[in-house]
Amino acid sequence: MIQFESVTKKYPNGQIALEDINLKIEDGEFVFVVGASGAGKSTLLKLITREARPTQGKILIDDQDILRIPESKIPVLRRRIGTIFQDFKLLLNRTVFENVAVPLEVLSQKDSHIEKEVSAVLEKVGLLEKANSFPVQLSGGEIQRTAIARAIVAKPVVLLADEPTGDLDPKTAREVVELLEKINKEDKTTVLMATHNESIVNHFKKRVVLLKKGKIEKDVKEGNYDAD
Ligand code: ADP
């Protein structure tokens, strides 16, 4: 469970990105975080990975106060969280397989284990045939699916996606979200997706948390983009 208790984030330049956010996300939920550009969506996700710290308030993940985690233990927190951020770049000189293997290599896992886990996740995202392709040889949707595979290969409990459909055509965008939905259902991974893609949100009918100028304007189950 992810819990925000009276969370405010003010950047050093004085910009208030989030104000008095109270939010509870249960294990296995799928949540669209929506709102205009500048509403605070990215900041909300960055607070969960401790890339940003709130000015006030508490953030709990499975009842652990993540603001009390010492810097040296932040990698342990981040291992529980898969991220697909807008600026998430694949390593261009590595194949799809090698890119997806990175999080397991960082954990110094055995080659045989890496081989098995990467193959399984590539199959899940439908990229097994592209395992030996390099990023330049992939379509936009395939690049995003590789990024998703890399984000889930170490079996995170939470998956954060920031505008994962940004540059994709409508059909490919929908396929990417279908994949996130499949991961949510099959692996019980909690998914938080920040987006301003109205047609995607209206199609998938998930919980919608609408941010407006740093505040939660609406929070609706099976909502639409405007959260009604
Ligand atoms: P969104 O993801 O909804 O576009 P952000 O969380 O990126 O919103 O930004 C929320 C507000 O905080 C905006 O006004 C933005 O300009 C500001 N902001 C974001 N990051 C920083 C930063 N590092 N320093 C100062 N202001 C920031």
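This is a predicted model: local features need pLDDT of at least 70, side-chain atom pairs count only at pLDDT 80 or more; totals for chains, interfaces and linings use all residues.
Which residue's side chain does a polar contact of 2.9 Å join to the side chain of E186?

## E186 and its partners

The residue is K124: its side chain and that of E186 are joined by a polar contact of 2.9 Å. E186 itself is found in helix α6, which covers residues 170–187.

There is a second pairing to look at here. E186 and G28 are 158 residues apart along the chain, yet 9.9 Å separates their C-alpha atoms.

## Around the ligand

If you display the ligand, you will find it surrounded by Y11, N13, Q15, A17, A36, S37, G38, A39, G40, K41, S42 and T43. By class, this shell holds 4 nonpolar, 7 polar and 1 charged residues. Helix α1 (residues 41–48) makes the largest contribution to the shell, with 3 residues.

Which atoms of the protein lie 2.8 Å, 3.2 Å and 3.3 Å from oxygen atoms of the ligand? At 2.8 Å from a ligand oxygen there is a polar backbone atom of S42. A polar backbone atom of A39 lies 3.2 Å from an oxygen of the ligand. For Q15 it is the side chain that takes part, with an N or O atom 3.3 Å from a ligand oxygen.

## The largest pocket

How much space lies in the largest pocket? The value is about 520 Å³. Its lining consists of 18 residues, and those nearest the pocket centre are R78, R79, I81, T83 and P103. Sorted by class, the lining comprises 11 nonpolar, 3 polar and 4 charged residues.

Helices α2 (74–79), α3 (96–106) and α5 (140–152) each supply at least two residues, and so does strand β6 (81–84).

Methods. Residues are numbered from 1 along each chain as its sequence is written. Side-chain values use heavy atoms; hydrogens and water are left out. On a 1 Å grid over the protein atoms alone, a cavity is a set of points where a 1.4 Å probe fits but cannot get out, and a pocket is an open set with protein on both sides within 12 Å along at least five of seven lines; lining residues have an atom within 4 Å of a point. Grid points are joined across faces, edges and corners, and a volume is the space filled by probe spheres set on the points. Helices (H or I, at least four residues) and strands (E, at least two) are DSSP runs, numbered from the N terminus. Ala, Val, Leu, Ile, Met, Phe, Trp, Tyr, Cys and Pro count as nonpolar, Asp, Glu, Lys and Arg as charged, and the others, Gly among them, as polar. A residue is near a molecule or strand if one of its heavy atoms lies within 4 Å of it. A polar contact is a pair of N or O atoms within 3.5 Å; within protein, one must be able to donate a hydrogen and the other to accept it, and residues adjacent in sequence count only if both atoms are side-chain atoms.
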